[in-house]
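Please keep the sequence and the model in view while reading.

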Amino acid sequence: SMRAKAGLWLRRALGVGLLLGAWQLASLHFPPLVVPPIPQVAATLVHLFQEPDFWPTVGTTLLRLAAGLAIGIGAGGVLGLIFGLCPKLEDVGTPMIHVLQSVPPVCWVVLALVWFGFNGLPCIFIVATATVPTVVINLSHGVRSVDRELLEMAKLYRFSHWKTLRHVTLPSIRPYFNSALEIVIGGGWKLAVMGEVLTTNSGIGGAITSARLNVQPDAIIAWAFLLVAGCFLTQKLLRLLCCRKGGAVC
């Protein structure tokens, strides 16, 4: 209802207000190099938008994020379906998924630097390696959770394997896929930028590195705000698309 939504937004506004209040108090007790004041960070944000290389910088990171997610979601989606439909193949592939899930992203960054060099590919690689396990695990669970009665009905009407997959399995696992997407998009932003900080001089990560080298904490915080906004907007867009297509993540 409208009243419940108003209450939700009021509570969220209160949370933001408390955060800003704590920040303002901290900025009064610490020097600007430690905790930059809110007006200084706001001015830096405005300045960032006015710089000619702002959109190319953001675009570079977005391209790397999109490439990593596309590879990870594609590979994870195929493996998740295969593992869900063929438990014996899942037994074979599970150790590989556990390895991908357990190895810290920093280790993948170091390995990717050796394999690909300082060219942006390590950023794509770590986003993809972090995305695959989440998608595989969610989709394989989703396939195993498909209503048995629906599958029996498909057999009764002599649906082919492809028709059963298309009309029964895929619609049933959509909520699992949507939740996996939301998780990997949120994590993907952080990993892509971390990869840029460690392996390139370009993109948002490169801009953060430059701000660190020039001792500009206000610029680092400004970029952090933009990352939070980017993550929020992409997840909101995903939810809108999922709702429009009849998904469960709304």
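Which helix gives the most to the nonpolar patch, and with how many residues?

## The nonpolar surface patch

Helix α5, which covers residues 105–116, gives the most to this patch, contributing 4 residues. The model in which the patch is found is a predicted one, and the patch itself amounts to about 480 Å² of surface, made by Leu 111, Val 114, Trp 115, Phe 116 and Leu 121. Of these residues, Leu 111 is placed in helix α5.

## Overall make-up

The secondary structure of the chain consists of 10 helices and 0 strands, so that, by the naming used here for DSSP runs, the pattern read along the sequence is α-α-α-α-α-α-α-α-α-α. Taken along its principal axes, the C-alpha trace of the chain spans about 70 × 55 × 30 Å.

## Packing of α3 with α6

Helix α3 is formed by residues 54–85 and helix α6 by residues 121–144, and the axes of the two come within 6 Å of each other while crossing at roughly 30 degrees. Because angles under 35 degrees count as roughly parallel, α3 is described as roughly parallel to α6.

The crossing in which α3 passes α6 is right-handed. As for the residues of this contact of α3 with α6, they divide into 19 nonpolar, 8 polar and 2 charged.

## Packing of α6 with α8

Helix α6 also packs with α8, here at an angle of about 160 degrees and with the axes 8 Å apart. Since angles over 145 degrees count as roughly antiparallel, α6 is taken to be roughly antiparallel to α8.

In this pair, too, the crossing is right-handed, with α6 passing α8. When the residues in the contact of α6 with α8 are sorted by class, there are 17 nonpolar, 10 polar and 1 charged.

## Salt bridges

How many salt bridges does the count come to? With a side-chain nitrogen of Lys or Arg required to be within 4 Å of a carboxyl oxygen of Asp or Glu, the count comes to 2 salt bridges. One of them is formed by Arg 64 with Glu 196, where the closest N and O atoms are 2.9 Å apart.

Why does this pair tie together parts that are 132 residues apart in sequence? The reason is that Arg 64 lies in helix α3, whereas Glu 196 lies in helix α8, which is made of residues 161–199.

Definitions and conventions: Residues are numbered from 1 along each chain as its sequence is written. This is a predicted model: local features need pLDDT of at least 70, side-chain atom pairs count only at pLDDT 80 or more; totals for chains, interfaces and linings use all residues. Side-chain values use heavy atoms; hydrogens and water are left out. Axes are lines fitted to C-alpha atoms, for helices over the stretch in contact, and angles run from 0 to 180 degrees between N-to-C directions. Angles under 35 degrees count as roughly parallel, over 145 as roughly antiparallel, 65 to 115 as roughly perpendicular and the rest as oblique. A crossing is left-handed if the near helix is turned anticlockwise from the far one by less than a right angle, and right-handed if clockwise. Ala, Val, Leu, Ile, Met, Phe, Trp, Tyr, Cys and Pro count as nonpolar, Asp, Glu, Lys and Arg as charged, and the others, Gly among them, as polar. Patches are made of residues with over 30% relative accessible area and no salt bridge: like charges are joined within 9 Å, nonpolar side chains (Val, Leu, Ile, Met, Phe, Trp, Tyr) within 5 Å. Accessible areas come from the Shrake-Rupley method with a 1.4 Å probe; for residues, only the protein chains shown count as cover.
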